[in-house]
Structures are given as C-alpha cells and as structure tokens.
Amino acid sequence: MNMETEMNLQDRPFDINDYIRLNMMPHFLCPGCGHGIALRALLWAVHELGLDKDRLAVVSGIGCSGRLSAYVDANSFHTTHGRPLAFATGLALARPDLTVIVITGDGDSLAIGGNHLIHACRRNLNMTCLMLNNEIYGMTGGQVSPTTSADRYTTTTPAGNREPVFDACALAAAAGAGFVGREVTLQVTGLKDLIRKAIAHDGFSFVEVISDCTEIYGRKNDLGASPEMMLGQKAVMRPDTYRSTVDVPFRPNALKTGVLQQTDRPEYGSSYRAMVAARQRDSGEDR
Amino acid sequence: MTSRRLNLQGNQACALGAIAAGCRFFAGYPITPSSEIAETMSGELPRVGGTFVQMEDEIASMAAVIGASMGGVKAMTATSGPGFSLKQENLGYACGAEIPCVVVNVMRGGPSTGMPTRPAQGDIMQARWGTHGDHTVIVLAPASVAETYSETIRAFDLSERLRVPVVLLLDEVIGHLVETVELGTTATAATRKFATGPREEFQPYAVTEDLVPPMPRPGDGYRAHTTGLTHAPDGFPTQKPDEVRAAIGRLSDKLVLHRELIESWHSQAADDAEVMIVAIGITARAAQKAVDDLRAQGVRAGLFRPVTLWPFPEQALRDVVAKSGARAVIVPEMNQGQLVLEVERLLGRDLKVTGLNRFDGEPLSPADIAARVREELAP
Amino acid sequence: MSSRTSGPTNVLIVGVGGQGVIMVSKVLAQLCQNQGHQVKQSEVHGMAKRGGGVFSHVRFGAQVWSPTIPEGEADILVALEWAEGLRWINFMKPDSGIFIADCQRIVPPFACRDRGRGAEPAYAPQTPEEIMEQVSTGYAMDATGMAERLGNARAANTVLLGALSTALDFAPEAWLEVIEAFVPPRTVEINRNAFLEGRAWAMAGSKRVDETASGLHRHREVARHGPVNTVVEIIDEWCKGCDICVKMCPERCLRLDGRLVAELALPDLCTGCRMCELLCPDFAIRITNTAVTDAVTEAAQ
C-alpha cells in the first residue's frame with residue numbers, strides 16, 4: 001500500500017481491507033465465529049476515530065481471540081496466555097503516544113488472567129480491553145470457561161456445567177474500570193459505536209463482546225448455527241436504553257448491553273507522568 | 001562528570017547501574033531479598049523521566065517489562081526465587097520473540113518459599129533452563145557491589161545488542177552487601193538496532209549477517225507482528241520444518257556468533273595452580289580469599305570465576321585449566337551441586353571434578369574452601 | 001350548518017399516534033354536550049404508540065343512536081395527518097362533506113416496504129389541489145407550520161379545531177372555554193392563538209390550500225438518496241459458508257451455492273443495505289453503493 005492512499009485513509013468510507021493484513025487472509029477462525037464480526041467492529045471504530053495505524057498497538061493473549069492481533073495491520077503483539085493486559089500496561093506506560101487495544105477472551109481475561117484484569121481496571125491506565133466472550137475454551141477443544149452458562153455441555157463438563165459464571169462487566173465496574181460496556185455481535189453497528197466510545201474514553205475501558213462459538217460450543221449444546229446463536233444472544237440482552245421498562249420482571253436474567261459504566265476517575269498514566277515532571281523539576285533545582 | 005565514590009548496597013548498585021545503562025522502565029513486585037532494587041528504581045526513574053510500576057504480581061511485572069521493551073524502551077525487573085519461577089513463561093516469550101530485557105534474580109534459599117533472608121545459589125540451572133523449550137539466555141553473575149553495577153550495565157548492553165533477555169544472577173549476600181563503590185560515569189550500554197529503511201520489504205526476523213534482526217519500533221511505520229509462536233522471518237507463525245529449524249537455530253547461533261562479546265571471566269593465580277577452584281558470586285569472593293591464604297602458605301591453588309555464567313565460558317575454562325596443569329577442580333557452591341555439573345561436562349573426562357556444597361542458609365567461608373583444597377592435595 | 005335539522009351531525013377525526021386526535025374529539029364532544037346536544041364518541045387507537053393510525057367518531061344531535069359513522073355519512077372529516085385524511089375520505093358525504101386536513105406528512109414504516117436506495121416511499125401521491133377538486137368545502141392547511149410559528153408544533157390540533165369551528169354553529173368563546181379546560185395551563189395562550197389563527201384562516205374561503213405551506217413538501221426536503229447502483233462482491237476464497245449472510249439478509253437474496261459459498265441469488269431484491277457485509281465474520285462480502293448520476297447532468301458539468 002503506498003503512502004498516498006494511507007494518508008487519505010480517514011477520508012475514505014470504511015473498508016476493512018485497509019485495516020487487515022491481506023496476506024494473512026482468509027483468517028483461521030471457524031465458520032460463523034463471532035470474533036470476526038467483533039474484529040470488524042473494532043477496525044470500523046478505529047477508522048471512524050481516525051487513528052493512525054502506525055500508532056495503533058493491538059495486544060492479544062492466547063486462544064481464539066489471541067489470534068486476532070495477527071490480522072490487524074498495525075503494531076500487533078500476540079503475547080502469553082492471560083497476560084496481554086500486563087504486556088499492554090508496560091507498553092502503554094512506556095509509550096503513551098500509542099493507542100493500545102487489548103483483545104482477550106473469557107478464559108484469557110477471567111481465568112488465567114483474572115488478576116491482571118481487576119488490577120488493570122483499578123489502575124485505570126488508558127487502554128481499551130476488548131473481551132470476546134464465547135463461553136468456551138475453543139482453541140483447546142471446548143473446555144468449560146468462567147462464563148460457560150449453567151448446564152451447558154463442554155468437554156470437561158460431560159454432565160453439564162455446575163459452576164456459576166462471572167459477570168465480567170460487573171467485575172470490571174466493581175474493580176473501577178473507567179468505562180464498561182457490553183454488546184452482542186449481531187448489533188455490529190452498536191458494537192462499533194461502543195468500541196469507539198471505549199477507545200475515546202481517557203482511562204481503562206472494558207468492552208465485553210458476546211461472541212459465538214458455533215463449531216464447538218453451539219454444536220455440542222444444540223444451539224443452532226451461527227445465525228440462530230446470534231439471534232439467541234440478542235434475545236437475552238437488554239439494551240441499557242430500555243432502563244427499567246416492563247420486561248424486566250419477565251426476563252430477570254437478561255444482561256444489559258450498551259455503556260454500563262463511565263466515570264471520570266483520573267487516568268493513571270497522565271497522573272504518573274505529572275509526578276515524573278514534578279520530580280524532574282525538583283531534581284533540576286537541586287543541582 | 002567525574003566518578004563518584006559511594007557506599008552502596010548491591011541491590012542499589014544494580015538499580016543505579018540500570019539507570020546508567022539507560023533503563024527507563026522498571027516493573028516489579030515486592031520480594032525479599034530483591035525489594036531494594038524496586039525501591040531504588042521507584043525513586044530514581046522519575047528523576048530521569050522513566051517509569052516505575054509495581055505490578056499486581058511477578059508474572060505481570062515480567063510481562064510489563066517485555067511490553068515496555070516492545071515499545072522501544074530499555075526495561076528491567078528484579079525478583080527472587082519464587083518470583084523468578086513465576087516469570088519463567090514470559091521470560092521464554094522474550095527469548096522466542098527476541099525482546100531485550102534484564103531480569104535480576106537475587107537468589108535466596110529454596111525450594112519453595114525456602115529462606116527468604118538467607119543466601120543460596122540454587123537457581124544456577126533454573127537461570128539457564130527455567131523456561132520451557134529450547135531457548136538461549138545470557139546469565140551474568142557478579143561477585144561484588146562494584147561488579148553488580150558494571151555487570152548491570154553490561155547486561156543491558158548485551159541484551160540490547162543481541163536482542164536476548166539477560167538474567168543478572170545475584171545472591172542474597174551480594175544483594176545486601178554494602179561496599180564502597182567507585183561509580184564510573186563512562187560505562188554505557190548500547191541501544192538496540194531499530195529497523196530503518198523501506199517498510200515494504202521489511203521482515204522483523206530477517207536473517208542478517210550478525211544474526212540480530214533490527215527491531216521494529218511502534219510508531220516507526222513498520223506495523224510488524226510479534227508473537228510467542230514459532231515464527232518465520234516475516235514474524236508470522238510457521239510450522240514448516242525448515243523455517244522452524246532456521247528460527248530456533250538462529251537463536252542459539254546468535255549467541256555462538258557473539259561469544260566473544262558475551263563471555264566474561266576472571267582468573268586468579270591460575271597459571272600454575274595444582275587445584276583449580278571454579279566459583280561464582282559470593283562464593284567466588286570466599287574462594288579469592290582462600291586462594292590468597294593458600295598461596296601465602298605455599299599451596300598452589302587457583303581460581304576461575306565465570307562472570308558470564310551462561311553461556312558458560314567453556315573454552316576459557318579449558319584453556320586456563322590446561323595451561324595451569326591443574327590435576328583437580330573444586331566447585332564450591334551454595335547448593336547441592338549445579339555449577340559442578342557444567343564443569344564436569346567440560347573437564348570431567350580428564351580431571352577429577354568435585355563439588356563443595358553448602359545448603360544450610362550460610363555462605364561458604366574461605367576456610368571451608370581452603371580446607372577442601374588441602375584435602376584434595378593431601379597424599 | 002344551521003340548516004341541518006334531521007339526524008345527528010357526524011365529525012370524523014383521524015391522525016396518527018401522538019398528534020392529539022383524542023384531544024380534538026374530546027373537546028368537540030364536551031363542547032356539544034355543553035351546548036345541550038346528545039353526543040356519542042368512539043375511538044380506536046390500538047397501535048397509536050407505534051405511530052399507527054388513530055381515529056375518533058363524534059356524533060351529536062337531538063338524538064344519536066349509534067356511536068359510529070357509516071361510510072359516506074361524515075359531515076366533516078378532520079385529518080391531523082395528510083394520508084390519514086385520504087384514507088378516510090370515502091367516509092365523507094359525497095356532495096356536502098367538509099374536508100379539513102393538515103398537510104403534514106408522517107410516512108409510516110409500511111410505506112417504505114421498497115427498501116431499495118432511492119425508492120419512492122409508497123405514500124399517498126395525491127396533491128392537496130387534486131383533493132380540493134373532489135370536495136365541496138376543503139381546507140388543506142399547514143396547521144403544524146402555523147402552530148410551530150406560534151411556538152409549539154403540538155398545538156397543530158388546536159389550529160385544526162379553529163378551522164373546524166367555522167363549520168359548526170358554536171360561538172368561538174364556547175370553543176375556547178372548552179379548549180382551555182383541556183390543555184395544560186402553561187399552553188393556554190398558545191392554544192388560544194392557535195385556535196383563532198386556524199379559525200381566521202378557514203374563514204377566508206370555502207376552499208383553501210395553504211400556498212406557502214411547506215407542509216406537504218416538508219419531508220421532501222430531507223436529503224434523499226437518488227437511485228443507487230449496488231455491487232455485491234463475494235470473495236469465494238474467504239467465505240466459509242457460515243450462513244450468517246443468508247439468514248440475516250432482510251431481502252433473502254443470498255444463498256449458499258453447491259460449494260457452500262455465499263452467492264447473490266436474487267440481485268434484483270438487493271437493496272444495498274450492507275447487512276451481509278457487516279455481519280460477515282470472514283470479511284468475504286463487500287458492498288459498493290454508487291449513486292447513479294444523470295448522464296445529462298454529468299455531461300453538463
């Protein structure tokens with residue numbers, strides 16, 4: 001791609017081919033995997049925000065979600081299992097000029113990386129964490145995850161899952177994340193808008209994307225093909241704009257979508273850098 | 001600026017060496033007996049515009065250091081036994097993805113929580129083999145506070161030049177020892193080669209003449225991919241046998257090619273030594289005294305002290321021992337026998353190599369070592 | 001209207017949800033009752049909340065038996081929305097019915113069933129002039145515009161009440177008394193003015209079309225797409241046949257071919273909505289919508 005076309009990227013309508021590594025396509029995700037839709041929403045938001053690809057860093061962990069960074073035409077880092085937030089913390093602190101986006105999964109961020117998630121929320125360092133929740137460890141063959149719904153069959157819950165699930169957004173909000181949101185992949189435009197707000201937010205932004213794993217999870221649980229799974233996900237979500245409308249009593253288990261929390265807690269990086277600047281002034285005076 | 005004479009603790013010297021080497025990012029987690037390094041860095045880094053962060057755990061601090069280094073900033077973390085174990089997976093990532101970084105391990109008694117405030121040298125093999133899979137790593141083992149300062153600078157220099165993680169292996173005694181140090185202000189560390197030139201043909205893991213590919217820095221326009229998966233020169237995962245062989249092979253070939261730059265060792269009274277002592281760290285300090293005492297009594301003892309512990313200065317040891325004509329080699333160490341395995345591997349076919357081990361939380365004394373040498377020479 | 005002696009007077013009030021059809025009918029019913037008439041009123045507003053049609057029958061006279069107005073028996077038709085007025089026009093007395101309508105267009109969703117870019121909505125195409133030719137007395141007003149200029153577009157129904165007042169033998173003060181009792185206290189002044197303005201406008205003639213009304217044409221000013229040429233590109237090598245585009249296409253114009261690769265089976269139905277493109281997890285579909293430019297205009301440029 002030559003320089004001229006790149007410079008005009010923001011002026012053109014969004015074309016995902018401007019933001020993916022074409023030599024890596026087609027990607028390795030299974031047919032109907034919602035992660036692809038989530039990736040589109042992310043790149044669409046990046047386009048609308050007019051972010052410079054050269055200053056965009058995409059950090060991912062391990063699992064199906066972890067592979068996505070390789071397809072983004074940006075500075076991409078495919079790190080270790082559960083740790084992308086920790087890598088990203090170092091990167092974002094060392095390079096505040098970069099826009100840091102973390103792509104992680106339910107197992108990556110809530111199980112093995114749970115500690116990093118809560119502390120990233122608490123620290124409120126400017127970055128956006130996109131958590132693709134497909135309720136399963138897909139890459140390893142479909143084991144139960146911290147978000148696998150009750151009674152669902154997985155390769156490690158042959159009699160159905162007995163463990164309760166994490167509400168990732170409630171967790172992130174309680175831990176202090178500056179921005180928390182959730183959306184289903186079917187609402188791709190809304191998802192794009194949500195991610196856009198999350199990236200624009202100054203602080204730690206956590207976005208849970210309700211994705212679908214058709215091939216492994218859906219099939220084992222008779223959830224239908226991707227279109228059915230996507231529609232099913234939407235059916236149990238309740239956009240935050242509904243507030244407390246009449247359907248609440250009838251759908252007590254519905255998860256809220258949209259922006260679930262946005263606070264003006266101080267962003268950690270800038271407050272640390274202010275301290276550094278003060279220390280440097282002080283040591284200058286000492287001499 | 002002139003050099004400064006300071007009374008410094010080993011851990012502080014390590015922190016100041018890092019600053020002098022251009023380290024501008026430190027992530028750590030509190031652990032005895034290395035915490036002073038983090039404490040010193042938390043105060044010193046802001047003065048030079050750097051960033052200190054205390055992460056939520058040892059794993060995260062290793063990851064954050066790699067993250068900062070991927071951003072193009074010289075970075076370090078420090079820990080001790082249990083933390084070093086936790087860092088191993090990400091240390092392997094730095095090996096595989098060739099991310100420069102310095103990891104300080106101030107060794108304490110083990111296994112497990114062991115004896116946090118007592119010295120040991122039980123991580124010699126872990127420092128070399130701690131992370132899974134074939135990998136290469138550089139390990140430096142200074143034996144004084146002054147050397148801790150200079151070796152920390154050298155650790156950054158090697159890490160940056162060769163794109164390899166460097167482990168600085170201290171022991172609790174060196175870490176907490178306070179000595180008068182002359183801080184040279186001339187010592188500096190290199191900065192890694194960043195990628196330059198045309199972006200179109202850029203390959204982040206291209207095979208260059210020096211086997212060290214220039215590193216793409218975010219923001220410079222290369223938009224490269226970095227992964228812990230085995231990757232081809234283009235940075236993307238591969239499982240093609242020839243590409244895999246080339247990729248893994250280059251990691252070790254790189255260190256072989258730059259062996260002269262990496263290896264560092266000292267010898268003392270080695271030329272005519274009948275018995276050669278091989279030791280590192282605080283044990284080598286004791287051995288130095290033992291050699292002095294023995295020589296004063298006419299006993300021909302010598303010392304070979306690897307400063308670069310891994311890759312082990314094989315040829316240097318062979319040469320020094322061959323030249324001396326020593327008939328026995330003693331390897332004193334504060335463990336049940338780790339360094340001795342490497343020395344046996346190198347010399348054991350021709351010479352008698354034995355260990356002198358202490359693993360009770362107390363350092364080996366010069367008298368312990370001298371006695372063992374005499375025992376060896378006894379008819 | 002004073003000549004009317006036998007049978008009830010029938011007023012049909014129609015509109016869409018939220019416009020105030022019920023308010024108009026309640027004002028009228030209350031007024032008639034105040035004036036000593038027997039009144040029957042019935043209304044239907046089932047889908048009103050979703051923008052659906054609302055109508056209300058008001059019958060008054062010495063004796064009223066049935067609450068509903070038979071087709072062709074309405075003396076007066078008051079339409080708060082243009083197309084709703086046309087929908088009920090056959091309920092008017094063919095020769096003597098009075099037609100009072102706001103030209104405001106509220107295009108209902110079903111009028112957009114042709115979702116093709118640039119497609120004309122299936123909204124009633126008749127112009128006010130055409131309708132005026134069919135009725136003996138008629139007022140095609142810009143009630144919304146008038147109310148807007150008075151400070152509150154919601155008073156459009158009161159403007160129409162003003163026009164309605166010219167067709168019935170009740171004193172303006174009697175009307176205003178009832179209106180003021182019905183509207184929120186804060187809006188009494190605006191509603192009074194709205195009533196008087198509507199009344200004055202209708203007094204000026206027995207057949208009037210608001211010349212300056214942006215009313216009927218208001219929605220035409222909204223940016224509209226010209227005809228659009230949609231190109232659907234499907235990258236066979238990237239498609240994994242997940243079926244999402246096929247199932248999610250609102251027009252059902254895609255299908256999987258024998259190789260389980262998506263193909264555009266019914267291109268004529270494609271509206272270029274891009275749903276398939278946006279939901280394709282494999283980025284295998286690309287939609288390009290290009291405006292079809294008028295060759296003559298282009299040549300002139």
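The C-alpha centres of domain 1 and domain 2 of chain B lie 26 Å apart. Domain 1 covers 4-183 and domain 2 covers 266-377, with bounds from an automatic or database domain assignment. The model is predicted: local features need pLDDT of at least 70, side-chain atom pairs count only at pLDDT 80 or more, and totals for chains, interfaces and linings use all residues. Residues are numbered from 1 along each chain as its sequence is written, while chains are lettered from A and ligands numbered from 1 in the order in which they are written.

Between the domains, 24 residues of domain 1 of chain B are in contact with 20 residues of domain 2 of chain B (C-beta atoms, placed from the backbone, within 7 Å). On the domain 1 side, H5(B) gives the most, with four residues (helices, H or I, of at least four residues and strands, E, of at least two are DSSP runs, numbered from the N terminus).

Chain B also holds an open sheet of five strands in the order E11-E13-E12-E15-E16, with mixed pairing (strands pair if DSSP finds at least two bridges between them). Strands E11 (265-268) and E16 (352-357) of chain B stand at the edges with a single partner strand each, so one side of each is left without a neighbour in the sheet. E12 (275-278) and E15 (328-333) of chain B run parallel and are joined by three bridges; here B:Val275 stands opposite B:Ala328.

Helix H12 (339-347) of chain B packs on the sheet, touching E12, E15 and E16 of chain B, and its direction makes about 160° with that of E15(B) (axes are lines fitted to C-alpha atoms, for helices over the stretch in contact, with angles from 0 to 180 degrees between N-to-C directions).

Note on methods. Two residues are in contact if their C-beta atoms, placed from the backbone, lie within 7 Å.
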